Amino acid sequence: MIRVDDFLRFKSKLSEEIKDLPGQEAHELMMPSIRRSMPMDLSKIPNAKLSSVLLLLYPVDGKLMLPLTKRHDYKGAHGGQISLPGGKHEDHESRIETALREAEEEVGVNRTEVEVLGTLTEMYIPPSNFKVLPVLGTLPERPFFIKEEFEVEKIMEVSVDEFMDAANYKVKDIQARNFTLKDTPYFDIEGHVVWGATAMILSEMAMLMKRI
């Protein structure tokens, strides 16, 4: 279990660890089997759309927490899935600014109060043709969340320990659009299936935490 009674010291250690990201190694742990057979060089995908998500860490009673969102079940590539707050990049902003803006819009976090430590490893999502950049930010205490009703069905506050517990790592066939992804790893979090890009990002975060 990660204890963060000294949050300043924790942030300092984490800032050092993100200088050496596990990247592909961490992503592969949570990749659907079909993805493992087709490694992708992001530099060779010039026409992908850009997006960013925010990994927002904050302490609650010594435990390290982060918010996830459950999307409404719409007809789209990611309808009904558990995601990190985030969305599409706009031309007038940086990728970090995208993550902060989207988090403010989706879960009500004041973007000016978030301390950004850096970014994790960018990845590509084939079904929606997006390159996603995870932005790592912190707050010194739990924020007051406000759900964006149109996009977000539910805000889930989850302990980082949940993604470091081997008991929550599972594998099953997952239905995606009109096909089935065989032997797909996922995190079982409070009865929710967290898989795909979100699980891959959280896998990298968990691997970093294990080094602290």
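Trainee: Which residues of H4 are buried?
Mentor: Arg95, Thr98, Ala99, Leu100, Arg101, Glu102, Ala103, Glu106 and Val107. Buried means under 20% relative accessible area, with a 1.4 Å probe and protein chains only. This is a predicted model: local features need pLDDT of at least 70, side-chain atom pairs count only at pLDDT 80 or more, and totals for chains, interfaces and linings use all residues. Residues are numbered from 1 along each chain as its sequence is written, and side-chain values use heavy atoms, with hydrogens and water left out.

Trainee: What do the buried residues of H4 pack against?
Mentor: Strands, including E1 (49–60), E2 (63–71) and E8 (152–159). Contact means heavy atoms within 4.5 Å. Helices (H or I, at least four residues) and strands (E, at least two) are DSSP runs, numbered from the N terminus.

Trainee: And what comes just after H4?
Mentor: Glycine 108, with a positive phi of about 80°.

Trainee: New topic. Is lysine 11 buried or exposed?
Mentor: Buried, with a relative accessible area of 12%. Lysine 11 sits in helix H1 (residues 7–17).

Trainee: Which residues does lysine 11 touch?
Mentor: Glu115, Leu117 and Thr138, not counting residues up to four places away in sequence.

Trainee: Which helices each supply at least two residues of the lining of the second largest pocket?
Mentor: H5 (161–164) and H6 (196–209). H6 gives the largest share, three residues. Among the lining residues are Phe163, Met164, Ser203 and Lys210. Lining residues have an atom within 4 Å of a point; a pocket is an open set of points on a 1 Å grid over the protein atoms alone, where a 1.4 Å probe fits, with protein on both sides within 12 Å along at least five of seven lines.

Key:
Buried < 20%, exposed > 50% of the residue type's maximum accessible area, 1.4 Å probe, protein only.
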